[in-house]
Amino acid sequence: MTDGDGGRHPDIDVNTPSVARMYDYALGGKDNYASDRAAYEELEKAAPSTRPLAINNRRFLQRVVRILAEDYGVRQFLDHGSGLPTQDNVHQITQRIDPSCRVVYIDNDPIVLAHGRALLQENENTAVLQADFRDTDAIFDHPDVQRLIDLDEPVGALFVSVLHCIPDDSDPWGLVRRVTDRLPSGSFLVINQLVSEDAEVRRRITDFLVEGTGGRWGRLRQRHEVERYFEGLEILEPGLIEISDWRPDSDLGPKQKTDEWIEFGGVARKR
């Protein structure tokens with residue numbers, strides 16, 4: 001497995017598009033295959049806003065992590081569905097602020113594991129787990145999580161642009177509740193997912209991604225469904241919004257050409 005269509009890891013299905021690799025391609029990365037690029041190009045025809053949406057999503061992640069570490073003193077993070085390493089990853093942002101910050105990345109894509117471990121092999125405060133992030137008990141019981149995450153101190157639990165990959169019958173709302181229940185008071189949840197208020201857009205894009213990824217996708221949802229994730233939590237200002245408007249550093253981010261779908265969410269604290 002290398003970038004482009006070079007050497008291939010035996011566990012990687014290069015013929016079925018991967019959401020993580022499509023996202024990597026949208027961000028200008030090289031860790032993707034022809035199937036991922038073709039699927040992304042078709043998706044962009046259906047949703048012309050896809051690339052700026054992906055860039056703004058990445059900037060939201062970087063901004064939130066920096067703010068939680070700098071302004072709220074969070075020193076440990078669980079990144080669910082972390083995707084492929086790119087520039088300014090969670091551990092790089094937090095460890096510039098405090099080298100003792102600990103980060104655990106969780107993803108079920110073998111290419112993420114291979115790249116992540118190569119990147120982090122000399123970083124004792126960071127680990128990458130190849131796991132289904134729906135399996136909360138297995139994750140919290142994992143030796144690397146027990147080594148790095150102190151459940152007597154606040155944790156930043158990240159679900160950044162991943163819950164739309166979970167179908168309703170796997171109950172993404174229950175997943176968030178299970179994680180929240182395991183976290184100590186004062187912890188933070190960062191949650192956003194793709195939404196649309198247009199029923200035809202939801203059907204068209206959901207059908208395309210479910211078919212294109214071999215069923216490895218959930219669905220576009222509506223804003224009120226994202227709001228359910230935050231029930232019982234203290235939502236930080238400015239609330240639940242389109243994420244490029246969540247405490248922006250400037251107004252210079254790329255603008256979506258269309259708004260058939262957006263990334264919607266925010267940050268909340270467990271009381």
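**Burial, cores and confidence**

Q: Why does Ser-161 count as buried?
A: The relative accessibility of Ser-161 is 16%. Buried means under 20% relative accessible area, exposed means over 50%, and partly exposed is what sits in between (1.4 Å probe, protein chains only). So Ser-161 counts as buried.

A word on the ground rules. This is a predicted model, with residues numbered from 1 along each chain as its sequence is written; local features need pLDDT of at least 70, side-chain atom pairs count only at pLDDT 80 or more, and totals for chains, interfaces and linings use all residues. Side-chain values use heavy atoms, leaving out hydrogens and water.

Q: What makes Asp-171 partly exposed?
A: Asp-171 has a relative accessible area of 31%, so partly exposed is the label.

Q: Where are Ser-161 and Asp-171 found, and what is noted about phi for Ser-161 and Asp-171?
A: Ser-161 sits in the loop between E4 and H8, and Asp-171 is in the loop between E4 and H8 too. Helices (H or I, at least four residues) and strands (E, at least two) are DSSP runs, numbered from the N terminus. Phi is near 55° for Ser-161, a positive value in a residue other than glycine; Asp-171 has a positive phi of about 55° and is not a glycine either.

Q: Why is strand E1 described as largely enclosed by the rest of the structure?
A: Count the residues: 5 of the 5 in E1 (residues 76-80) are buried, so the strand is largely enclosed. Gln-76, Leu-78 and His-80 are buried on one side, and Phe-77 and Asp-79 on the other, leaving both faces covered.

Q: How do you know that E1 and E2 pair?
A: Two strands pair if DSSP finds at least two bridges between them. E1 and E2 have 5 bridges, in the parallel sense, and Asp-79 stands opposite Tyr-105 in E2.

Q: What makes up the largest nonpolar core, and which residues have the most contacts inside it?
A: A nonpolar core is a set of buried Ala, Val, Leu, Ile, Met, Phe, Trp, Tyr and Cys residues joined through side-chain atoms within 4.5 Å. The largest has 33 residues, and Phe-133, Phe-159 and Leu-163 have the most contacts inside it. H8 gives the most to this core, with 4 residues. Contact means heavy atoms within 4.5 Å; leaving aside neighbours within four places in sequence, the contacts of Phe-133 include Ile-106, Phe-159, Leu-163 and Leu-175.

Q: How confident is the predictor, and what share of the residues score at least 70?
A: pLDDT is the predictor's confidence in each residue, from 0 to 100. The protein averages 89, and 95% of the residues score at least 70. Over residues 1-7 the pLDDT is below 50, though this stretch has 21 contacts in the model beyond near neighbours in sequence. Where pLDDT is low, the predicted coordinates should not be read in detail.
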